[in-house]
Structure formats: structure tokens, C-alpha cells
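Trainee: I would like to learn how to read a structure, one feature after another. Can we start with how strands sit beside each other?

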Amino acid sequence: MDVPAQPKVIHAGVKRNALSERLEREVQGEVLFGRGDRGRYATDASIYQVEPVGVLIPRTFDDIRLAVDACRDLGVPLIPRGGGTSQCGQTVGHALIIDDSKYLNQVVDLDLKAMTVTVEPGVVLDALNRWLRPHGVWFPVDVSTAAQCTIGGMAGNNSCGSRSIQYGNMVHNVLGIDALLADGTEGHFGPLAGMPTDDSRLGLIVRRLKEIAAREHDEIARTVPKVLRRVGGYNLDIFNPQSVRPYTPDNRPNLAQLLVGSEGTLAVSRQLTLKLAPLPAHKMLGVVNFPTFYQAMDSAQHIVRLGPVAVELVDRTMIDLARTNPAFKPTIERALIGTPQAILLVEFAGASRDEQVAGLRQLTELMAELGLPGSVVEMPDPAAQQALWSVRKAGLNIMMSMRGDGKPVSFIEDCAVPLEHLAEYTRRLTEVFHKHGTSGTWYAHASVGTLHVRPILDMRTSGAGLMRAIAQEASAMVREYKGAYSGEHGDGLVRSEWVSWQFGPRLTKAFEDIKDLFDPLGLMNPGKIVRSTRMDDTTLFRFKPGYQALPFEPALDWSAWNVVGDAATQTTSGPGTGGDPSHGYAKAIEMCNNNGHCRKFDAGTMCPSYRVTHDERHLTRGRANTLRLALSGQMGANAFTSEEVRQTLDLCVSCKGCKRECPTGVDMARMKIEFLYQWQKQHGVRLKDRLIATLPQWAPWAARLPWLFNLRDTVPGAAWLSERLLGFSARRSLPRWRRDTFLRSPHARHARAADRATPAQDAGNVDVVLFVDTFNNYLEPENAHAALAVLEAAGYRVRIARADPADAHKDRPLCCGRTYLSAGLVDQAQAEARRVVQALMPYVKRGVPVVGLEPSCLLSLRDEFLVMGLGEDAQALSKSAFLFEEFLAREQRAGKLNLPLKALPQKRVLLHGHCHQKAFDAVKPVQEVLGLVPGLEVDLVESSCCGMAGSFGYEASHYDISMRMAELSLLPAVRQASPDDLLVTDGTSCRHQIQDGSGRQAQHVARVLERALLT
Ligand SMILES: Cc1cc2nc3c(=O)[nH]c(=O)nc-3n(C[C@H](O)[C@H](O)[C@H](O)COP(=O)(O)OP(=O)(O)OC[C@H]3O[C@@H](n4cnc5c(N)ncnc54)[C@H](O)[C@@H]3O)c2cc1C
Ligand code: SF4
Ligand code: SF4
């Protein structure tokens, strides 16, 4: 195959300063030209990485006009960008990146009569559909990245959703685009009949386009694939439609549809008018379980005849991977009958419930006729459907969670073939993978013959060569089956060279003519669609030849990531065998594949700092990219412990939201501990951090002299001084120290009374060990009293955890080490953790559960304790450590809880889950135990992080961000609650934040149960 010549890229390295100075002078938006920012915008969800000239976050479209003028004057290319979730490298290039997702995201007009909405390009699809919902309509191009992708980006890529069989692709749903060309021309692109044909610049473009279309009329019919899913090249076939679905009702061209799929190479969209659809009133989902993959593929052609709106595939590998993800496991298991090799999700939707029920019945009958009776799991419940769709939508991300350097690579992942060939195509391509010593996982749009598959390749070694070899064999099959080589994700850097293969020399030339017509200087996203680079140009790869992490001795154990993957069997070698010079830390960071899932604003926790700043830098992805570049020497010498990296991690509140919600398991909270450790080694520990970290050591003094330690909030000027000298916000009250600590109370002594023997002797007489953390001991002892009272009322013999008699500091209370970890003082945290393990092992060995109250403390026994070199004892302890409510809920489920409770005067509880509870799926037990109180209704606030996050919110530099996080959803919900409602949250800092932000007092769940005890 002939590879096209190199593009006319205008190199702009030397122009960087001039451009940034001019933008700084002229625009209102954010001008980001620093090394870190350029690094964060050098990638998207593809395998490529090219450092841009700089980044502009425009505040208004005027900023874009000014930037386009500046780029033209200086000869610098530009690339518009939305969420940066493209898989083919569409948003990667040596250019000015214009990210319109932060400010240009408004709905401009809604016309329900015409069923249209007009929006700015940066609006996110889910946000738009949330906004539209009350009007009973939606924009139905439901791509998997709906929570992140912008309408501008979707139009740029001609995106397609799971329900495209019903609604079509973007090209079928965009009615008009107002756009700016690189020469400064602006105009409305819409139905051809309404476009100018005069001597204006726009008129000339229209006339010339008509000429090109007329010239190529027959060639279009000859070469453009006649399938729904064809997104490669420019949509020249709007002049001679080839899609199986009409582009317009009367088949007359609409020039907005030529801009759709143009990947930012022709114009920048200013606003887009979209076609709406009524929200379907009823949906039914049938999950068909198949004993073989082939049968699933072969059945698709029959199933689509029943008129479903979606038929989506999930294969065996993905089912297994979903099962390993705690967030997805229960959902996927509900959909299975036995151990199928593949499942198809078949959805029926529309206005009539009866029709959808009938559809589901016909599906069951059809499967029986096809020899698979009893293979359909019926899911009429919308919540269950929604949950399963989110597993399917996370398909790619689930796949990317494979560890090791071999990763599923996107380059033939969306070829579309006619349905009758699907089974053969997938069988033959699987053989091709095996021949090349690799394998692939299949999923997605069986309804339209576009199955996603990514063979596993190691792009640092043999990947480039294998990629081309496999692409050549796959493309030959696509041609044989008269399919489309690019059926969903577009061209970008990975597939633009295939445009001439797909469309032939004449249409390739026509595409170049179109490009030159719109953008004669070649400034708009050069090298995409026409005049491309090669897909396997390794200089453009994220992992270029020679890429290696710098040698580095981590403080925590990252060996689980330091493995080698086997592409053929999709298995990995043992921990620590991967040869990573950073012992697994770099490989853990490299797990981020840039898919952008963390850019979400809907339910869940991740990523609170992004939710308030909307900055790529304060996003899990931005942090992971920064760490990766720094650790691999791409940001200069000693970059890892640089101020740039420190600031990039500064607003990470260590909520662990990403640990659970990032589909590839990027655990930034743990990465931050490692970073802080390395940072302290080089720069020393700041006084404020040391004060916070060592709190468990000086807390006994504060308890002896509480009046002294509480002076800061009573003496005028002291708060101001603490801000000036230590950085604690004067706008915050600090927690109040108490003399009546729990561990010195008679109550606690009573629970320790029988504890004269050694723990080993005592363990046999105990049902539960209560681990009272520093905060609940010194600051809110009533919580520990309440927990003890509840456990004893339920008949458990309780011991209070205390240091082992052989402990060198046996009189000091036990501490999980959380405060040390938050300052990166891993050695001290490890020493504390060792004390805890030593003290609790006698109980653990006897199977006695360890129960704690403060989520961030107790859950560190299940998390950080496992990576601090504490051996198998820590593993054993982690399995015996429970939050108070987890323990009670577990007992209740096992029918062992005997806790008679009475009704309370309050009838409703508003519950806020601590982030670490959410990360460990431990909010439900709080709901369960509160539900034991007769007549108590429990409402969970859909909140992300409260913003306090340990000491984060107390720091003056974080105060505003902290309050903005709280104001996202938590504080408004608290303010709306009735004064009679109870407020419950288990986190000590969450309670403080609620008090500071609303003046209301929240309680630990133990206190609610204590008040409901029948005494
Ligand atoms: C896990 C995962 C799942 C995916 N699933 C799907 C799927 O189901 N269906 C699907 O079609 N795609 C899918 N994609 C690809 C991608 O998410 C979509 O193409 C998405 O619509 C891109 O939106 P974005 O805002 O991220 O655009 P970006 O990636 O930022 O940009 C996309 C293109 O649009 C151009 N562009 C952006 N803004 C403008 C503007 N204002 N004017 C002109 N051009 C502009 C850019 O230059 C670029 O060429 C998936 C990607 C991932 C990582
Ligand atoms: S951090 Fe996780 S969710 Fe965010 S882009 Fe990377 S892989 Fe995706
Ligand atoms: S720990 Fe929380 S704040 Fe930090 S990156 Fe992860 S989700 Fe974002």
C-alpha cells in the first residue's frame, strides 16, 4: 500500500514565545504554555504523544477568533479540543490546542416545536441530556464517553452511540454549525439550498464544493462503503448519499454534515444545532447468554430483525475482567446464566410498554428457535438496566485494566462489516491475532456490525510492526466483506493513512481539494484525514523507542504492577518480575490510558478537584500524565520532585475516588503518598505538615492541657497568627481538644477490665476488638462510647484495642498512621502500623473481628497497611478489619445480630458517605444499619468529597477550593434538610465541614444507634 507524503506541518517551536505573549496580551482566557501544561495536552486516549506549542482555554469565542488570527500571523497550527477522549490521536499535534470544554459549554437555544437544540461546542453530552430531560427529549447519539465527551468533539469525530441502529450517527443528527475558518471567515453551515453562492469567501467555497461533488458523483457511489457506520474521510457523500440511513429527510445536502467528522481540520465550531428525539417512555432489556462466541455473532443478524434499539456484545474476557472490579461485579453477575462465552444486551425502547414487553417475549422465542431456550435474562427494571449499561460502556476501560507493558491497542477496533459476515469476520480476525502471538477482546455494537477489538501489543517493543501486519490482514477482510475500515472512532493519526486505501486516489485527491478549499495554509489540525503521517511512526508514540522510567526506590510496595503480561494468554507474571527500574511505581502510573473517565460530574466521587476547577491539571488524568512524564525524564532533570509536580498533586484530596472509579485502577491517593515521601526526602518536611503528621504523638499533651491547645480559636488574633505562621486558615475553627478522652474514661477501662491477661490469653474470651482512633479518642469520645454501648447491647464481649505489652511505647494509644501518610512520612506511618499489627494479631489469629469508627483510619488497615512491607500478618489483619457499621450489617445479614431498637423522634436521616467508605463500597452498610431503626427513612446525599479531606480543608491555601467542593452538592442538601432531620456522616472531617458550612451538627452512625437502644 502506498503511504501518502508527509503533511505540510508548519513547525512552530520557535514561535512559542511570540504566540504566548500575544495571547497573554489579547485574550481573556487561560494561556498555558508551561512545560507541565504542554505535557498534559500532549496525549488523548490514543497511543500517540506530541508536545503541543501551547494551550489556550478560551473564555469566550472572541478568544478563539483572536487566537486564530495570531496563529495565522505566526504560522502556528491549531487544534480544537473538547474532552480529549479521541482514540486515534485526533487531538494530538504540534499546534496550539484550544480546549473549549471549560467555558464554552452553554445551551444557546431550545426549540421544542422544531425538536432542535443549539449549543456551544464544549457542552458535555450527559450534561446536555440532563438539561433536556425535564422537557421529555434527549440527544440520542449515546456514545460510551457520554459523561466526558463534548458536542464539538462528537461532531468532530462523527461519533456513534450504542443505539445508532435507531438514531444514526452524529452526521445524521447535526442540522447546522456556525463555524470559523482559519482565515477568519465565519459562517453558518446548513442546508445547501440556504447557503450563499455569491463571490463571498463562503459563496466560493459552496460553489467549488458543488463542482468537486459533481466531478466525483460516480466515484462516490463506487468507493464509499454502504454501511451505517462509516466515519473515515470527509462526508463528501452528502452530495450522493451512500449511508444505509438518509442524511436528510429529502436527501438534499446539508453542509454542516461535511464539517461533521472533519476532526477539526476544516473549521472551528462555534455553535451546533442538533436534532432531538423524544425520551423513550419504556425500555426493556434482554441479556442473551451464549455458549460460544460464534453463536453470539451469528445470531445478531436475526436479533436485529425484531427491531431493538441496541444489540451490544460483551465477551468472556470482559465478563471476567468486570467480575474482578468491585464496582461492576454484582451487576455483571445478575446478567449471567452459568458461564457464557458471550452475552448480547438487547434493548427495546419506545412509547408503548406493551410493545417493549412483546419485543422481549419475541427475543426469548427467537433464541429458543435458534436452539438456545432459557438463555435470556429479562431486565425490566430501569435501575438494573442502567447499571448493566454502565458496565458495557466501561468495556474498553475494563479491558485496559490489564497490567504489564502489553496493552490492548486501538487501530482496527471499529471496522464495520455487514451483519451476515460478522461471525466469519470475527473468527478469521481472531486467527490473525493468534498467528501474530496475540489475542483480542471483542465487545460493543453487534447491531451494526461494528465490533470493538484491540489486540494486545507492547508499543515499546514489537508493537509498531505487529500493528501494521495485523492492520493489513484486517483491511483485506474488510474489503472482501465490503465493510468500512473506520466505523466509529475516526481517522486521527492512526487511520488517516488508510483513507486513500478505503476511498481510492480520486476521492483522496477530492478530500485534499476540500481541505485546501477551507484551509489553504494547512493550519487546522494538520496531518489528519489528508496528508497524514504513518500510523506506525514511532516518533509520535507515547511510549517511544527507548522510553524507560528512571531508576527510583519507592517507599511503598508497587510490585503488583511490576509484571510482564502475556499477550496471547492475557495472563501476567508474578509481582516484582517486570524489570521496572521504579519497582512498579511507573507502571502503576502508566495504567492511565487517558480515556478521560475521571472528567465526570455525575454520581461517584472522582475527581473532586476537577469538578470545581475544570482544570486538566487538577484531574486524575492530568496528574498521572504529569507523573509519567516526570518519572521518565520528559520534563527535565529532577522533575519528579519539582514544584510543577508538587502543585499538580496539591489539590488531590486523597479521596481514593479514583482507586474505585478509575476503570484501570489508577490510585492517585497512594501515588501522592509516594510522591510526598520522595519530596520530603529532597526538600524536608514543612512545619505545618509536621504538626499535622505528628498529631497522634502530641495529642496526649493536648488532652492534658486542652485550654492551652484550644486558645487558637478563643484568643483574638491567634487564628490570624496561625494562618500567617503555619498556614492554617483563620476562616476555620480547629477541632476542640477534650480532657475526657475515651481511653481514659471509666467506660473504656470497664471494657478493658478482663484484659489483665496477655492479649493472646484474652483473645479467646472476646467477640470484637474496638479500635478507637486518635480522632474519636481525643476529639469526639462520645462516638466511641456509643459504639461500645451498641456492641455491648447486642451482646458482644468487647475489648478496646491497646498497644501490645511488648511495645516500646505501650502507654501511647494505637494509631493507624493516617496523619503520617497524608504528609508522606511513610517510615513513621509504617512504625505505627507495625504497632497496630503487633497488638491485634493475637485476636486476628483467633478470628476476632477488629472494628473501627473513623473510615480513613480503619480502612488504612485494608489498604496502605498492605503496601508497607508488613508481611502476611498485615494481610490477615486486613481481612478481619471492619468499620463499625460493616460489622453490624454483616452480623445482621448472617442472622446473628440481636439489637433491639426503638423508634426515634426523628423520621429521616440525611447520610453523607465518607470518600474512603465509597472507595471501599462501604456506604451501603451505614444505610443498612440505620434502616434497623424502626420508622427511620435514610436518604443518601449524592455527594462527592466534602472538601475537608483530613487536613486539606484546614489549610489556608485550600480553604476556598474546600468550600467549593462542599457546595457542589453536600451543603445545599444539608441546607434543604428539615431541622428535624438527623444528619449522619462517619468522617470526623466531614462532620467538621458540615458544621462550618451550614452550622448544623452531623453525627457518627454509632450515636444514632445508641439513642435508639431499648434501655
Ligand atoms: C473509553 C472510550 C469509549 C469510547 N466510546 C465511543 C463510542 O461509543 N462512540 C464513539 O463514537 N466514540 C467513542 N469514543 C471516542 C471519543 O470518546 C468520541 O469520539 C467523543 O465524541 C470525542 O469527544 P471529545 O469531546 O473528547 O472530543 P476530542 O477528543 O477533544 O475531539 C475530537 C475531535 O473533534 C475536534 N473538535 C473538538 N472541538 C471542536 C470544535 N469546537 N470545532 C471543531 N472541531 C472540534 C477535535 O479537533 C478532534 O479532532 C470512546 C473513547 C473512549 C476513550
Ligand atoms: S486516571 Fe483513570 S479515569 Fe482518568 S483518564 Fe486515566 S485511566 Fe481514565
Ligand atoms: S484521590 Fe481523589 S482527588 Fe486525588 S486524583 Fe483521585 S479522585 Fe482525584
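Predicted model: local features only at pLDDT ≥ 70, side-chain atom pairs only at ≥ 80, totals over all residues.

**Strands, then a ligand**

Mentor: Gladly. Take strand E25 (residues 908-911): three bridges join E25 to E27, and the two run parallel.

Trainee: Now an antiparallel case. How many bridges join strand E8 to E9?

Mentor: Four bridges join E8 (residues 174-180) to E9, and these two run antiparallel. Leu180 stands opposite Glu186 in E9. Together E8 and E9 form a hairpin, with five residues between them. In the turn, Gly184 has a positive phi of about 95°.

Trainee: Which way do the side chains of E9 point?

Mentor: The general idea comes first. In a regular strand, side chains alternate between the two faces of the sheet. Now the case here. Along E9 (residues 186-189), Gly187 and Phe189 point to one face and are buried. Buried here means under 20% relative accessible area.

Trainee: Let us move to the ligand. Which residues come nearest to ligand 1?

Mentor: Of the 37 residues around ligand 1, the nearest are Pro80, Gly82, Thr85, Ser86 and Thr150. Next, look for polar contacts, meaning N or O atoms within 3.5 Å of each other. A backbone N or O atom of Gly83 lies 2.8 Å from an oxygen atom of ligand 1. For Ser159, a side-chain N or O atom is 2.8 Å from an oxygen atom of the ligand. For Ser269, a backbone N or O atom lies 2.8 Å from a nitrogen atom of ligand 1.

Trainee: How much of ligand 1 does the protein cover?

Mentor: The protein covers 98% of the 980 Å² of accessible area that ligand 1 has on its own.

Trainee: Which element supplies the largest share of the shell?

Mentor: Helix H5 does, with five residues. Strand E3 (78-81), H5 (151-157), strand E10 (268-275) and helix H15 (395-399) each supply at least two. By type, the shell residues divide into eleven nonpolar, 22 polar and four charged.

How values were computed. Residues numbered from 1 in each chain as written. Chains lettered and ligands numbered in written order. Heavy atoms only, no water. Buried < 20%, exposed > 50% of the residue type's maximum accessible area, 1.4 Å probe, protein only. Pairing = 2+ DSSP bridges. Near = heavy atom within 4 Å. Polar contact = N/O pair within 3.5 Å; in protein donor to acceptor, adjacent residues only side chain to side chain. Areas by Shrake-Rupley, 256 points an atom, 1.4 Å probe, with all protein chains shown as cover. Nonpolar A, V, L, I, M, F, W, Y, C, P; charged D, E, K, R; others polar.
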